[in-house]
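Hi everyone, thanks for coming. Please have a look at what's on the screen, and then I'll talk you through a few spots.

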Amino acid sequence: MLEDELTVNIRHRDGVAVIDLIGDVTTFAEEKINNAYRQVTDKGARYILFNFRQNDYINSAGIAILIGIVTEVNQNGQRLAVSGLSPHFQKIFRMVGLAQYAEIYQTEDEAISAFKRLNTIN
Amino acid sequence: MSEADGATEQIIEMRLPSRLGYERIAMDTAASLARRMGFTPERIDALRTAIGEAVTNAIEHGNQADAAMKVVVVLTIRTDELIISVADQGRKVLDPAQTFLQPRITDAFQRADKGGWGIWLIRELMDEVEFSFAPGSGNQVRMVVHLERPPVIKP
């Protein structure tokens, strides 16, 4: 009843692998998030966006999962961004230091535009 | 609640099974109370995170996820503050040194275990935080959030 399921959805948009995280990012989310990351990475994704849904529940176990992803993103030379975080979780991402490794955008569209600019420069 | 008597307080007590997910009950209850007390949405979000971390720690560590063991959450409502105490049954005692850690993400990149942010978040988000352990009971964390009211301009 209380072990809320997270729905993970993978889309590709303008050269960016968009991973929608619909639901709560807690310890129960680990396998789904890691699998989604591996799936897009195996297909050669360079730009990855984690698209959250406002007001969901992200706890310290969820933060640890995301730090694990950032570790791999750095090793694999990919770029990671996040969108759709509520102001509270944007603040927590900054406090923890995740924001230094995953650029925060308010919306998916803003993140995609930023990736597009990056792609043109590189 | 009587506004005239500052000592007036109301106490709500919850006993939760040590199963992950039940922290949401404590989070929702505290958030609902905090909203009625007049806390800002920002403070309520902070409160939700802090209580979620405290109860999760009690479930996973203090009670070693034994569902038969209880986590006791006591919410004390005062006119100017909300006090939240979270206690487990102390199957595992929390090392006091653990309650003062300052985790760094660059260290986490090097470690297999990327966790250890919970207690630090509680300290960052709450106005007062105190950890204690009482033999025969368990680990306890007491957290306080002050209700900030617009300043009263005195003549």
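This is a predicted model: local features need pLDDT of at least 70, side-chain atom pairs count only at pLDDT 80 or more; totals for chains, interfaces and linings use all residues.

Residues are numbered from 1 along each chain as its sequence is written, and chains are lettered from A and ligands numbered from 1 in the order in which they are written.

Back to Lys70(B). You'll find Lys70(B) in strand β2 of chain B, residues 70-78. Which residues does Lys70(B) contact, leaving aside its neighbours within four places in sequence? They are Arg15(B), Leu16(B), Pro17(B), Ser18(B) and Gln89(B). "In contact" means that the C-beta atoms of two residues, placed from the backbone, lie within 7 Å. Gln89(B) is 19 residues from Lys70(B) along the chain, and their C-alpha atoms are separated by 6.8 Å.

While we're in chain B, look at Ala65(B), in the loop between α2 and β2. Ala65(B) isn't a glycine, and its phi is positive, near 55°. Ala65(B) is partly exposed as well, with 13 other C-beta atoms within 10 Å.

Now chain B as a whole. It has four helices and five strands, and from the N terminus on they run β-α-α-β-β-α-α-β-β. The C-alpha atoms of chain B fill a box of roughly 60 × 40 × 25 Å along the principal axes. A compact globule of 155 residues would have a radius of gyration near 15 Å, and the 17 Å of chain B agrees with that. The radius is taken over C-alpha atoms, and the globule rule is 2.2 Å times the number of residues to the power 0.38. Buried residues make up 35% of the 155 residues in chain B. If you take the contacts in chain B with a separation of 6 or more, 66% are between residues 24 or more positions apart.

Next, two helices in chain B. α2(B) and α4(B) pack at an angle of about 145°, and their axes are 9 Å apart. Those axes are lines fitted to C-alpha atoms, for helices over the stretch in contact, and the angles run from 0 to 180 degrees between N-to-C directions. On the α2(B) side the contact includes Ala46(B), Ala50(B) and Ala54(B), and these α2(B) residues belong to a set that meets Gly118(B), Leu121(B), Ile122(B) and Leu125(B) in α4(B). The contact residues divide into six nonpolar, four polar and one charged. For that sorting, Ala, Val, Leu, Ile, Met, Phe, Trp, Tyr, Cys and Pro are nonpolar, Asp, Glu, Lys and Arg are charged, and the others, Gly among them, are polar.

How does chain B meet chain A? 19 residues of chain B are in contact with 17 residues of chain A. On the chain B side, α2 (41-62), α3 (105-110) and α4 (118-125) each supply at least two residues. The largest share, six residues, comes from α2(B). That side of chain B divides into seven nonpolar, six polar and six charged residues.

Over to chain A. Along the sequence, chain A reads β-β-α-β-α-β-α-β-α. Its radius of gyration is 13 Å, close to the 14 Å that the globule rule gives for 122 residues, so chain A is as compact as a globular protein of that length. Of those 122 residues, 42% count as buried.

In chain A, helices α1 (residues 30-42) and α2 (residues 60-75) pack at about 20°, with their axes 10 Å apart. α1(A) and α2(A) are therefore roughly parallel; the cut-offs are under 35 degrees for roughly parallel, over 145 for roughly antiparallel, 65 to 115 for roughly perpendicular, and oblique for the rest. Glu30(A), Ile33(A) and Tyr37(A) of α1(A) make the contact with Ile65(A), Ile69(A) and Glu72(A) of α2(A).

Last stop: Asp14(A), in the loop between β1 (7-13) and β2 (16-22) of chain A. Asp14(A) has a positive phi of about 50° although it is not a glycine. With 11 C-beta neighbours inside 10 Å, Asp14(A) counts as exposed.

Key: A residue is buried if 20 or more other C-beta atoms lie within 10 Å of its own, exposed if 12 or fewer, and partly exposed in between; C-beta atoms are placed from the backbone.
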